[in-house]
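I opened my notebook to get to know a structure that was new to me. Here it is, so that you can look along with me.

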Amino acid sequence: MAFLDDFLFRLRSLVRRPGFEADLDDELRFHLEMDIERRMAAGASRAEAERAARLDFGAPESIKEATRDAWGTRVLEETARDLRSAGRHFQKAPAFTLAAVGSLAVGLGAAAVIFSLVDAVLLRSLPYGDPDRIVRFWEVTPEGSLFSSSDRNVADFRGQIDGLSHIAAVNFPPPRPSFGVGGERRRLQAQAVSPSFFKVFGVDAALGRTFDPADEPAAKANPAPLREVVISDRFWRQSFGADPGVVGREIELDGEGHTVIGVLPADFRFEAGGDVYVPYLLDLSVNRGDHRLGVFGRLAPGRSLDSVSQETAAVAARLASQYPDSNSGWGTELVPIDRYLLSDSDRRLNHILLGAVLLLLLLAVVNVSSLVLARAADRGHELRLRLALGAGRKRIVRQLMTESVLLGVLGAVGGLALAKLGVPVVRGLDVPLPRLDGMRLDGRVFAFLAAAGLVSSVLFGLLPALRTSREAAGGLSSRRYGNDVKTRRLRSALVMGEVALATVLCLGAGLLLHSFEALDGTEAGFASRSDQVVLTQVDLSTERYPENSRETRRFYDRLVARTKELPGVEAAAVTTLMPFAGPDLQNYVAPTTETDQDNFVAINWRAVSGDFFNIMEIPLLRGRSFDDDGPVRHGAVLSERLAARLWPGEDPVGQQLRWIGPKGPAIDVIGVVGEVRDMRLAKPERMTVYLPQRVMAWTSMVLAVKGKVAAESLQDSVCGVVQGLDPLLAPPPVTTLERQRRAALAQPLLGLSLLSAASGIALILAAIGVYGLLAYALSQRTREMGVRVALGARPFQLVGLVGGDGLRLVGWGLLAGTGLALLSARSLGAILYETSTFEPAVLAGVAAVLGLVGVLASCIPAWRAARVDPVTALRRET
Amino acid sequence: MVRKNETTKPDILQGTLDLLILRALAAGPKHGWAISQRIQQVSDEVLTVQQGSLYPSLHRLERRGWIVSSWGASENNRRAKFYRLSPEGEAQLDVETERWRRLSAAVTQVLEHA
């Protein structure tokens with residue numbers, strides 16, 4: 001309450017200010033009168049008494065000032081006055097104000113955009129309940145790679161592990177059911193998840209309920225499907241107009257009715273996302289060696305990750321001895337969910353971007369600091385006068401700081417406006433960064449902007465304020481205040497610092513550019529740049545088209561045959577893999593003579609139809625490809641390196657390989673093809689086995705069509721063929737090889753673009769800094785230039801003099817920046833592709849760019865120096 | 001501001017002045033002049049209160065709510081601002097007095113025994 005009283009008193013004295021002033025006058029006058037009367041009573045004359053009393057009383061103004069202090073309103077009033085005077089100063093110096101507010105706005109705006117990205121992707125907590133208790137439960141293959149799990153293993157883990165309160169499986173690949181509404185069909189993104197999935201993630205429905213774990217009481221073979229769905233907030237709004245009555249309604253997916261039991265919270269996201277979540281019930285009829293379930297678990301209360309990891313390892317060892325054929329050598333690994341969702345390289349990219357934000361902010365601060373210093377030096381006379389008239393140094397510093405904070409606020413407002421433009425642009429980029437769609441200008445970004453603006457204004461204001469006030473304290477007599485050597489050195493150091501910071505950012509961007517070009521230039525081993533190859537993801541209903549069934553085989557046989565007949569189509573094939581998107585299938589092979597599982601080679605495999613190699617332009621080096629018609633025959637096509645590894649020096653065609661393990665099936669090798677990089681451009685290629693699609697007839701396949709014409713014209717007719725074969729299918733998404741390759745490059749491109757934008761801004765700020773310093777120094781040296789011209793200096797010598805100053809600044813800054821960059825380069829190394837952190841070409845390029853910036857920034861001041869008229873210059877006072 | 005007799009008359013510390021003002025007002029409401037006179041007389045002219053400290057102190061004490069002011073007629077019938085202790089001020093006076101006693105006793109002890 002005392003605080004409130006105090007505040008009310010201050011407020012009252014501020015509002016009723018005139019009354020307070022008059023009262024104070026009366027009170028002091030009364031005191032003086034009483035003193036005079038006392039002195040007169042002691043025998044002094046009225047005049048003497050008055051004189052003595054006034055002398056004794058002291059300066060009434062300073063008493064009043066001290067008393068006003070006691071009211072606590074003085075700070076407020078002075079601040080208001082400072083703000084008004086700052087406004088006047090800014091009006092009088094529009095170029096300075098524009099440069100300062102502009103650099104701050106650009107620096108803060110860019111920083112805010114990058115911050116909002118990093119915040120959405122990395123910093124913001126995951127939209128799950130107690131996310132630090134959620135783990136990704138991996139199985140680990142005998143040679144140590146993380147792997148998905150099988151139905152029977154999950155059932156055993158569930159039964160035997162106490163340390164996880166819930167274990168949920170997610171079926172892979174995620175289904176993409178066709179959703180029928182009002183005669184139209186739409187392809188949905190779905191996730192097939194265990195009923196306990198939402199318990200693992202600690203998420204409740206916003207409307208209705210989620211699945212009940214009790215719906216999966218015990219795993220059995222071929223469980224009857226549970227026809228319930230939980231829908232996402234977005235799907236609810238898009239397709240049901242956010243109707244709360246949707247709970248309990250029946251919707252049709254792949255021709256089957258499903259009951260909507262709940263709507264998820266708006267912020268819930270899971271991996272690639274899902275419009276609908278359907279229950280996946282463990283199926284014990286599936287072979288224990290068939291690993292295709294992603295597993296997630298929630299740590300039981302009171303259990304640590306370490307203790308549960310030990311427990312799961314023990315269970316895995318028990319299963320290995322119980323089922324040696326499928327589980328021998330397999331282990332487990334628990335990975336915290338945040339580390340699973342954001343890969344190390346994504347995380348690293350975000351840290352680098354955060355670093356760029358800091359550098360950019362620092363650069364803006366240094367730039368404005370240098371501008372403010374120059375400006376304050378120009379105002380030395382005014383400040384000196386104020387000091388002479390009795391203003392305290394503290395008071396001067398406060399006035400200068402008020403101006404800085406005002407600049408900071410204006411800059412932050414400008415930055416906010418720029419961020420408002422920038423955030424939707426970055427968010428709209430189609431980049432596979434998790435949670436990028438959550439990027440927005442919210443309270444957290446506002447808080448960041450406000451804090452950054454305030455901290456920067458204190459940083460850029462304090463140094464000039466202290467310097468200027470100290471300098472001004474030197475007295476009115478010293479005339480060359482602005483040219484004070486120390487101030488000039490300080491400014492030079494600041495500008496060099498700017499160049500150094502810009503150098504660090506440019507080197508970073510240069511390395512990313514080098515890395516990106518190396519990646520972009522990588523030969524994938526197939527026609528990855530072709531826009532004549534159209535790819536169509538076809539997703540059938542697993543119920544009507546079971547895996548490896550006659551229906552499925554017939555569907556794809558007919559699809560390939562009919563597509564080939566389309567006008568303008570040269571060839572058509574199907575494959576399990578959407579290039580650069582997955583799924584990446586893994587297995588083990590060895591010659592049939594091999595009996596030790598440990599000697600089996602880990603490979604990628606794809607199931608493809610006959611024309612696949614032809615369409616993709618993967619060279620067929622030996623043997624032949626698969627048949628598209630006739631009897632269904634097994635066979636394997638190997639990639640070149642794998643063939644050489646399994647049968648060195650022998651002809652692989654005609655040999656037999658063993659699939660999965662020593663007890664797996666034997667398959668005839670019928671051909672050898674070139675190596676490809678069809679999943680990642682960067683990753684060193686793993687060797688590949690191709691199997692006939694007619695043997696491995698999966699429900700979801702990718703149709704690859706090579707056209708004689710540009711791809712776009714084929715899209716509609718290809719869709720027509722797909723829907724003509726099954727009217728329940730939704731129009732499938734269509735893309736091209738080149739577009740897939742671009743998408744694979746989207747993420748490195750995002751990092752490159754953001755860092756390049758930051759570097760561009762850094763260069764502009766540094767150029768402003770160099771230009772400002774040179775122009776200012778020249779204005780101080782006009783007289784000197786005049787003398788030089790009068791003594792016979794040629795214009796080009798003056799140009800050299802001024803330009804040399806500029807280039808020297810840039811040179812030192814460049815050197816310092818390169819040193820700094822090399823010190824911090826290791827952090828960048830992890831995300832670089834075929835690029836060393838010390839790349840001479842990049843260094844040279846950055847040096848050239850900065851040199852150019854130095855020349856550009858110096859040329860106007862240098863040109864002006866060359867045109868100095870000695871007569872005018874010498875007549876000038878300063 | 002140069003103070004007369006600076007060498008012989010001790011400076012009054014801020015907190016001490018507050019205490020003296022509160023004590024002077026404990027005897028009854030007074031205006032500023034009367035407070036300064038009272039302190040001067042009671043201290044046998046050892047302590048003089050400068051106007052430059054007195055009025056800021058009075059206003060500060062009023063802001064804290066320890067004293068309240070009202071305008072009234074002085075003994076020579078002039079308009080004067082009178083201050084009196086508030087209940088909080090009375091409590092504060094006890095606190096401050098006790099603190100001062102302890103402090104001065106401690107200082108005395110150090111002077112005699114250290």
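My entries follow, one topic at a time.

**Ground rules.** I noted that this is a predicted model, in which local features need pLDDT of at least 70, side-chain atom pairs count only at pLDDT 80 or more, and totals for chains, interfaces and linings use all residues. Residues are numbered from 1 along each chain as its sequence is written, while chains are lettered from A and ligands numbered from 1 in the order in which they are written.

**Confidence.** I looked up the overall scores and found ipTM 0.84 and pTM 0.75. I marked residues 1-9 of chain B, where pLDDT stays under 50. For that stretch the model has six contacts beyond four places in sequence; a contact here means two C-beta atoms, placed from the backbone, within 7 Å.

**Chain B, its layout.** I read the pattern α-β-α-α-β-β-α along the sequence, with four helices and three strands. Helices (H or I, at least four residues) and strands (E, at least two) are DSSP runs, numbered from the N terminus. Of the 114 residues in chain B, 29% are buried. Buried means 20 or more other C-beta atoms within 10 Å of the residue's own, exposed means 12 or fewer, and partly exposed is in between, with C-beta atoms placed from the backbone. Among contacts with a separation of 6 or more in chain B, 51% come from residues 24 or more positions apart.

**Chain B, its sheet.** I found an open sheet of three strands in the order 1-3-2, with antiparallel pairing. Strand 1 (30-31) and strand 2 (67-73) of chain B are at the edges with a single partner strand each, so one side of each has no neighbour in the sheet. Two strands pair if DSSP finds at least two bridges between them; strand 2 and strand 3 (residues 79-85) of chain B have seven, in the antiparallel sense. Across from Lys81(B) in strand 3 of chain B I found Trp71(B).

**Chain A, strand 12.** Why do I call strand 12 (residues 293-299) of chain A largely enclosed by the rest of the structure? Because six of its seven residues are buried. Strand 1 (residues 134-140) of chain A pairs with strand 12 of chain A, antiparallel, over four bridges, and Phe137(A) stands opposite Val295(A). Strand 3 of chain A also runs antiparallel to strand 12 of chain A, joined by seven bridges; there Ala169(A) has Val295(A) as its bridge partner.

**Chain A, Tyr556.** Is Tyr556(A) buried or exposed? Tyr556(A) counts as buried, because it has 25 C-beta neighbours inside 10 Å. I located Tyr556(A) in helix 18 (residues 550-565) of chain A. Beyond four places in sequence, its contacts include Val574(A) and Met701(A). Leu725(A) is 169 residues from Tyr556(A) in sequence, yet 9.6 Å away, C-alpha to C-alpha.

Most residues other than glycine have a negative phi, and most peptide bonds are trans. I noted a cis peptide bond between Phe172(A) and Pro173(A), with omega about -5°. Pro173(A) lies in the loop between strand 3 (164-171) and strand 4 (178-181) of chain A. Glu617(A) has a positive phi near 60° and is partly exposed. Ile660(A) has a positive phi too, about 75°, in the loop between strand 20 (656-659) and strand 21 (666-673) of chain A.

How values were computed. pLDDT is the predictor's confidence in each residue, from 0 to 100.
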